[in-house]
Amino acid sequence: MVTTHLRFTLLLAVIGIFSSSSQVRAANVRIKPFSSPFTTNLATLQSQIGYNFTNINLLRRAMTHASFSRENNKALSIFGFHLIETSLSLHLLSKDIDTSSKALTRLIAEVSNVESSCALDGNRLGLERVIRVSPKTDASNSGIVCGGFRAIFGAVATDAGTVDEAIKVFWKVHGAGAGRLVSVL
């Protein structure tokens, strides 16, 4: 029994020596954080939209097209589309409750149009350079840029746990253009 106790004590002493010396060596080593162009683009995008993600993987997914990965932005894009619709409806109706359904539908169609407003907003953010697509896919395609643009707002709402934050980000990014459209109607 004494021999077993002595071996155990000796083993603990040896482990202590190695662990303390490895801690000293580790303290002298500088580890550079990994930074890829995609990671840099995500950081820039967060700055542009004025929202810092708690879960950066949501923004990664928002900027990933279905051609690139099975883990892509489709669901976030659908969510973002509905957030934009809701935000525009609330904005227009709060200005004029007597707005016709035709005017409201026209505004939503204009802002959500892939070929015009939605893709232009996405291009203004430079999403065609951020969205990950397969080598055979054109990232500057209007539908891909618009899908990524919409996915941003779905990702913000999911990250924040509230649609209010996503709506704030949408108006920050798109605000001036929507104001012009609202005044035309």
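Glu-110, Val-111 and Ser-112 of helix α5 are in contact (heavy atoms within 4.5 Å) with Val-114, Ser-116, Ser-117 and Cys-118 of helix α6. This is a predicted model, in which local features need pLDDT of at least 70 and side-chain atom pairs count only at pLDDT 80 or more, while totals for chains, interfaces and linings use all residues. Residues are numbered from 1 along each chain as its sequence is written, and side-chain values use heavy atoms, with hydrogens and water left out.

**Helices α5 and α6**
- The axes of α5 (residues 101–112) and α6 (residues 114–124) come within 5 Å and cross at roughly 60°; axes are lines fitted to C-alpha atoms, for helices over the stretch in contact, with angles from 0 to 180 degrees between N-to-C directions.

- Leaving aside neighbours within four places in sequence, Leu-127 is in contact with residues including Leu-45, Met-63 and Phe-149.

**Aromatic pairs**
- Four aromatic pairs are found in the whole structure, where rings of Phe, Tyr and Trp (its six-membered ring) pair if their centres lie within 6.5 Å, and planes under 30 degrees apart count as stacked, over 60 as edge-to-face and the rest as tilted.
- Phe-153 and Phe-170 form an edge-to-face pair, 5.5 Å centre to centre with 85° between the planes, and both residues are buried.

Note on methods
Helices (H or I, at least four residues) and strands (E, at least two) are DSSP runs, numbered from the N terminus. Buried means under 20% relative accessible area, exposed over 50%, partly exposed in between (1.4 Å probe, protein chains only).
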